[in-house]
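The following paragraphs lead a new reader through one protein structure, from its overall make-up to individual residues. Please keep the sequence and the model in view while reading.

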Amino acid sequence: KAFQRHVKSLSLDSNDGVEQLEFVAEEIKAANEAYHSTFEEHLDLLNQKSCLVERENEALREVAELFKTAQIFETKDRLKRHETSQGLNRTKKLLEEANKQLRKPPALRTLFHISKMKEYTAINNLRLAREENEMSHLFKNEIDSAWSQATLLLSMLQNSTLIRSKKWRIIPLTNSPRIISIDESSHSTKTFQLSVENSVSRKSFDEAVEAYVCCAADLLAVFSRKADGQLAVPPFEISGKKICGCGIEDLKTNKEWNTFVFKLMKTMEWMINLAVESLRMGLCK
């Protein structure tokens, strides 16, 4: 409309008016071209904006996924630390329990005490003998109780080795302990009673003591073998029915018999110490 008003104001016969019209036409054309160019740029900017918005949304989705993944890893790490902490606490408790066990006096040493009472060898203050002695106030009930304790010690030492003997079965009864000899070839057995009260003769009691010595010899062969393959040296050598090469049949006096029993029980005491040490090593591993 402004252009039309401008045209009407011009004189058609004037050359200046024609020139002005041409100039205006050129201006209109340039303005039109600029408009189209600006419109295309506007559309291009809109497309760029749309792409940027899409990229922004995609980035937000990636950030959300990363955050979710980070939370998962953090949760797993927290659980792992918790499990590790629990494992450390359990290990600590086990070590504390093991230390408590190590500080406790070993059961074998607590249950069995080997000592000397005048001419007799005693276990838990019960004298080991083969006959009564009224002068020493030694009677059958004490003797049988002493050999019952000795048989119980033999049985417990055998159990500590986790080896079941195929030749002997030990029955540590309180009133009449027994040792049963097993002959696998003939499928026969023979029972020895370590009881002065129930033995039919001195010979049968001595045979029962010999059976005890044989069991001790078998145990000694096990305890003498160290973990490194070397041999531990016992205080007295026991082999078969003999101690230091001497058997019961070689004993002529009560003094010799008491010495024989002393050597036997000191060797049993030596095996107690080895069994305790073995148990301690097992707890420390």
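Of the 285 residues in the protein, 28% are buried, where buried means under 20% relative accessible area, exposed means over 50%, and partly exposed lies in between, with a 1.4 Å probe and protein chains only. The model is a predicted one, in which local features need pLDDT of at least 70, side-chain atom pairs count only at pLDDT 80 or more, and totals for chains, interfaces and linings use all residues. Residues are numbered from 1 along each chain as its sequence is written, and side-chain values use heavy atoms, with hydrogens and water left out.

The secondary structure comprises six helices and eight strands. Here helices (H or I, at least four residues) and strands (E, at least two) are DSSP runs, numbered from the N terminus. Read from the N terminus on, the order of the elements is α-α-α-β-β-β-α-β-β-β-α-β-β-α. Among the contacts with a separation of 6 or more, 50% are between residues 24 or more positions apart; contact means heavy atoms within 4.5 Å.

Three strands, in the order β4-β5-β6, form an open sheet with antiparallel pairing; two strands pair if DSSP finds at least two bridges between them. Its edge strands are β4 (168-171) and β6, each of which pairs on one side only. From one strand to the next, the twist averages 20 degrees. Angles of this kind run from 0 to 180 degrees between N-to-C directions, and axes are lines fitted to C-alpha atoms, for helices over the stretch in contact.

The pairing can be followed residue by residue. Strands β4 and β5 run antiparallel and are joined by four bridges. Within this pair, isoleucine 171 has arginine 178 in β5 as its bridge partner, and arginine 169 stands opposite isoleucine 180 in β5. Strand β5 (residues 178-183) is in turn joined to strand β6 (residues 188-193) by six bridges, and these two also run antiparallel. Arginine 178 stands opposite glutamine 193 in β6, while the bridge partner of isoleucine 180 in β6 is threonine 191. Strands β5 and β6 form a hairpin with four residues between them, and histidine 187 in the turn has a positive phi of about 55 degrees. In a regular strand the side chains alternate between the two faces of the sheet.

Two helices pack together as well. Two packed helices are described by the angle between their axes and the distance between the axes. For helix α4 (residues 140-160) and helix α5 (residues 202-223), the angle is about 25 degrees and the axes are 10 Å apart. Helix α4 is therefore roughly parallel to α5, since angles under 35 degrees count as roughly parallel, over 145 as roughly antiparallel, 65 to 115 as roughly perpendicular and the rest as oblique. The crossing of α4 and α5 is left-handed: the near helix is turned anticlockwise from the far one by less than a right angle, whereas clockwise would be right-handed.

Which residues of α4 and α5 meet? On the α4 side they are Trp147, Ala150, Thr151, Leu154, Leu157, Gln158 and Ser160, and on the α5 side Phe205, Val209, Tyr212, Cys215, Ala216, Leu219 and Phe223. By class, this contact has 11 nonpolar, three polar and no charged residues. Ala, Val, Leu, Ile, Met, Phe, Trp, Tyr, Cys and Pro count as nonpolar, Asp, Glu, Lys and Arg as charged, and the others, Gly among them, as polar.

Helix α5 also contains leucine 220. Leucine 220 counts as buried because its relative accessible area is 2%. Not counting residues up to four places away in sequence, leucine 220 touches Pro234, Phe236, Glu237, Ile238, Thr267, Trp270 and Met271. Leucine 220 and threonine 267 are 47 residues apart in sequence, yet 8.3 Å apart in space from C-alpha to C-alpha.

A loop elsewhere in the chain deserves a look. Asparagine 124 is found in the loop between β2 (120-123) and β3 (126-128), and asparagine 125 lies in the loop between β2 and β3. Asparagine 124 has a positive phi of about 55 degrees although it is not a glycine, and phi of asparagine 125 is near 65 degrees, a positive value in a residue other than glycine. Is asparagine 125 buried or exposed? Asparagine 125 counts as exposed because its relative accessibility is 52%, whereas asparagine 124, at 22%, counts as partly exposed.
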